[in-house]
Every structure is written in C-alpha cells, then in structure tokens.
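Me: I would like to learn how to read a few features of a model. Can you take me through them one by one?

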Amino acid sequence: MAIDLEDMDKELGGWAGKEEQIREALKRWYRTERRRLPWRGDAAPWGATAASHAASHAASGAASGAASGARGVDAPLWTLPATHGVIDLDPSDTESSDGAPPKCCGETSGASYGVWVSEVMLQQTQVAVVIPYWTRWMRRFPTLNDLAAAPLEEVNALWAGLGFYGRARRLHEGAKYVLAQHGGQLPSDVTALRKIPGVGPYTAGAIASIAFQQPAALVDGNVARVFARLRAMPAALGVAKSQRLMKRCWSLAEQLVDRTEPGVFNQALMELGATICTPSSPSCERCPLRFACRAFAARAAGPVTRFPAPAAGTARRVRRLAVAAIEADGHMWMLVRRPPKGLLAGQLEFPSIQMEEDENGVESTESCVQRLTALLKGFQVDLLKELTPVEGVPLEHIFSHEHHFIHLFRGHPAIPAPQPARSDVHQAGRPVWWLGRVEAEEAGITSGVKKVLDFLEGFSSTKRSRGSDVLKRQPLRKWPRNSTRSGGSSRRGEKGPTAERCHSPRDEV
C-alpha cells in the first residue's frame with residue numbers, strides 16, 4: 001500500500017499548541033547556557049557559557065575587573081540588537097604592542113555587518129575555529145565599506161586556512177552590491193537581503209532576525225535536526241539534508257518563530273542543535289525541550305539519533321595532481337594564483353596539473369615532467385635542470401567532496417628569483433609569486449599548501465643531513481577511483497574540524 005505523504009504530514013501536524021511553551025523554555029535555557037561569542041556582543045573570554053562566565057567573574061571579585069583596564073573584562077565588543085553599533089575589540093585580542101584596542105570603528109560599523117560575516121564564516125566550520133578569523137576580519141575590515149574597497153587578493157589572504165574559499169569571494173561581491181545599491185547599509189527585510197549576491201534564505205533570516213529583530217524564520221542543519229527529532233519525522237518525509245525535509249522544516253520554523261524576540265529565539269534554536277541536540281551524541285537529559293520531543297518520548301523504540309533518517313553516503317571525487325615545487329635560492333618558492341572561480345578560487349598554490357589516465361591506469365612520470373615543464377614555460381620560468389620526482393609521496397589532502405593525491409616534482413629556476421614579491425609575469429591573469437615560508441603565510445596560504453611546504457622543508461632537512469643531493473625516483477602508484485566519505489559533511493570545502501553549523505546545501509550559491 002502506497003504511503004500518502006500529505007496525509008502523514010498532516011497527521012504529524014505543527015506544534016500541537018505548544019508553540020509558546022517551546023519558545024519560552026528555549027529562550028530561558030539560552031540566556032544561561034549560551035556560549036559567549038564576539039559576534040553576539042560578548043567580551044573575551046569567549047566560548048564559555050553565560051552562566052559559567054558569570055559565576056567565574058563573580059568569584060574573581062571587583063579587583064580583577066579593575067586590573068583588566070578601564071573597559072573591564074565585561075565590556076562588550078558591540079551591543080545587540082543595534083542596527084549600527086560600534087565594534088570595539090577587546091584589548092586582550094589585539095595584536096598591537098601597547099595593548100590598546102585596534103582602531104576598527106567607523107560610522108557604518110554595525111551589528112548587521114558583523115552578523116553577516118559570522119554567519120558566512122560559520123557555514124560548515126566550528127565556532128572555535130571561526131573566533132580568531134572573525135576578530136581578525138573585523139579589525140582589518142571593520143565596516144562593510146572597508147570590505148567593498150579591499151582588493152580580492154587581500155580578502156582571500158585573510159580568509160586563507162578557513163576553507164570553503166568561495167565564501168570570501170561572495171562576501172566581497174555582496175559588500176560591493178550593498179555599497180552600490182544601499183549606500184553601504186544592509187537592508188533589514190528578508191526580500192531585500194535575498195537579492196544580495198551569496199545571501200540565501202538562511203543567511204537572510206539570520207541577519208533580519210538577529211541584527212534587526214525582524215520575525216524572520218531560519219533553518220540550518222542544526223535546526224533541521226532539532227525539528228526532525230521534536231516531531232519524530234520518518235524517512236518518508238525526507239532524509240537528512242534532503243529537499244523534502246528542509247521544506248517541511250521551513251514550514252515549521254515559520255510557525256514557531258518568536259514574534260517578540262526573534263533574534264534570541266533563532267540563536268537559541270541553532271545553539272541547541274550545536275551543543276545539545278548533536279548528530280551522534282545528544283544530551284537529552286539537559287535538553288529544555290524534552291517535554292515536546294516525540295523522539296525522546298519514543299526512545300524505548302530506538303535512539304533519538306534515528307531522526308532524521310541518515311542520507312546515503314556519497315563518494316568523494318579522486319584527483320591525482322602533479323605539482324611543481326620550484327625553489328629559488330634562499331628557500332623562495334614559486335606560487336601562482338588559482339583562477340577567480342572554482343575550487344580554492346583566488347588562492348595561492350604551487351603550479352600543478354591534473355594527471356591523466358593511460359593504459360597503465362595513471363600518467364607516467366615522464367609525461368608529467370613534460371607537461372609541468374610546459375606549464376612553467378608559460379609562466380616564463382626555465383629550469384636549471386629537469387624536474388625530479390620527490391620520494392615519500394604522494395601526499396594526501398581531503399576535502400568534503402574531493403580526495404587529492406599529490407605527486408611532487410622538484411626543480412630550480414635557471415635565473416634567480418627576485419626578493420619576496422609578486423612577479424609581473426602572468427598566465428591567463430594568474431600572477432607569479434616568489435615567497436619564503438614566512439612571506440607565504442603572511443600572504444595567506446591554504447592548509448593544502450602548508451602541508452606541501454611542511455613536507456618539502458622536512459625533506460630538505462633530511463636530505464641535507466644525509467649529505468646527498470640525490471632524490472629517489474619512484475614509480476607513480478595507482479589509487480582508487482573513488483573514496484567514500486561519511487555523511488558528516490554536505491557543503492563543499494576543505495575537510496577540517498567537524499562542523500557545528502551545517503547549513504542547507506541549497507542556501508548560499
């Protein structure tokens with residue numbers, strides 16, 4: 001007998017008249033258990049819950065507060081909900097030598113811009129990872145106008161290491177749009193926010209509700225998981241991250257959103273999913289919504305983690321890359337900019353090619369050397385002698401959707417490279433950089449480039465200690481065509497710390 005999904009959806013109903021109970025219980029929990037975070041207007045230290053911080057601060061006494069400076073440890077970075085509050089970063093988080101707060105205030109600095117930046121950074125990235133990136137970003141680009149005026153290369157450099165690099169480009173494009181269309185002021189309504197490049201329904205709802213106190217609903221991965229468990233949604237209504245499930249969750253969110261404190265309520269929902277109603281180890285005994293949770297009530301029939309039903313695993317695409325590691329005198333490495341769109345858009349990388357298949361399953365060493373040499377000539381780099389394959393490779397680097405095997409080929413330029421600087425040489429708009437390790441990290445490099453540098457520098461040290469200039473030639477290995485990934489990640493980007501906030505795969509595009 002066929003299942004009538006519409007009848008099942010109606011049978012599950014909305015919130016069974018418990019909307020107000022859910023709202024009040026959730027807000028009450030959030031006010032004491034939420035994490036202290038800079039984009040919420042909290043001063044350092046960040047990460048602790050509001051209750052534990054208050055207890056710690058009370059125990060430290062007034063003397064400790066006075067010793068921390070005129071602003072005190074509880075002086076906020078900004079105040080929510082303020083549409084255009086001034087950001088003043090805590091002295092303990094500044095890089096200045098005198099301990100003074102960085103000068104990052106401006107007329108258009110506001111909560112809406114800071115919320116926008118935080119929400120984009122938090123997509124598929126842990127809160128603990130985002131905190132230092134967000135504070136550095138707000139020091140360098142304290143206002144939306146500052147971001148719009150910055151060159152994309154500088155934006156990419158500041159984002160380097162955070163992963164999902166298209167987010168930085170979309171933020172930059174969005175800032176330019178807001179400056180041109182709205183005079184640098186983010187609009188407050190969802191419809192206008194949705195017109196900004198890169199802003200999808202989730203981010204628009206977050207900005208509107210958190211920064212402007214508009215009663216806008218939102219659904220990210222955490223909220224969808226909470227709703228699926230509260231309503232015990234069966235697989236027939238959608239598996240995790242499916243369009244069917246997300247559509248149902250948006251309907252529930254619009255019914256439940258708090259009309260008086262939408263920002264507090266929406267943050268509470270996401271916080272619950274990130275810290276209590278987690279994917280694999282939910283803390284049901286600490287959940288303020290146990291009274292309304294159908295999955296908890298039916299736990300005798302199975303664990304609450306069976307909701308939402310897991311999606312089928314997908315396979316990562318395997319790429320085999322031949323990478324030219326060209327080192328000039330003084331440990332200066334040749335790096336080039338990636339194209340402005342696509343994977344790792346605009347980021348620095350070693351010159352590389354994707355290896356082709358042949359009758360033996362993978363491209364030969366000789367063919368890789370020939371093609372890399374031709375690529376280098378396009379950048380006007382001639383080699384002192386033929387590229388040599390490096391022992392101990394391939395290296396592996398895993399993204400959420402791709403698995404890279406990196407074969408390194410080492411060489412030296414025939415003509416010494418300039419001092420650490422950007423070269424005037426371009427190939428299809430891609431400039432060449434000659435950078436030492438320190439300069440490369442200052443310019444902003446990805447974790448994949450860092451991995452290659454770590455290996456090369458370790459290899460060089462080992463080679464020097466052996467007193468040998470000979471590099472071992474090894475045949476290229478065959479690798480599987482696909483690598484199955486777990487269901488823990490749905491957005492594209494580098495594999496990093498487990499995401500606490502996994503947004504809808506259809507959101508920001």
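The dialogue below goes through a loop arginine, the nonpolar cores and the cysteines.

Reply: This is a predicted model, where local features need pLDDT of at least 70, side-chain atom pairs count only at pLDDT 80 or more, and totals for chains, interfaces and linings use all residues. Residues are numbered from 1 along each chain as its sequence is written, and side-chain values use heavy atoms, with hydrogens and water left out.

Me: Is Arg40 buried or exposed?

Reply: Buried means under 20% relative accessible area, exposed over 50%, and partly exposed in between (1.4 Å probe, protein chains only). Arg40 is buried, at 13%. It lies in the loop between helix H2 (19–33) and helix H3 (50–67). Helices are DSSP runs of H or I, at least four residues, numbered from the N terminus.

Me: Which side chains make a polar contact with the side chain of Arg40?

Reply: A polar contact is a pair of N or O atoms within 3.5 Å; within protein, one must be able to donate a hydrogen and the other to accept it, and residues adjacent in sequence count only if both atoms are side-chain atoms. Tyr30 is joined to Arg40 at 3.4 Å, and Gln267 at 3.3 Å.

Me: How many disulfides are there?

Reply: A disulfide is a pair of cysteine sulfur atoms within 2.5 Å. The count here is 0. For Cys287, the nearest cysteine sulfur belongs to Cys277, 6.3 Å away. Cys287 is buried, with a relative accessible area of 15%. Cys368 is buried too, at 0%.

Me: How many residues are in the largest nonpolar core?

Reply: A nonpolar core is a set of buried Ala, Val, Leu, Ile, Met, Phe, Trp, Tyr and Cys residues joined through side-chain atoms within 4.5 Å. The largest has 86 residues. Helix H10 (residues 201–212) gives the largest share, 8 residues.

Definitions and conventions
Helix = DSSP H or I, 4+ residues; strand = E, 2+ residues; numbered from the N terminus.
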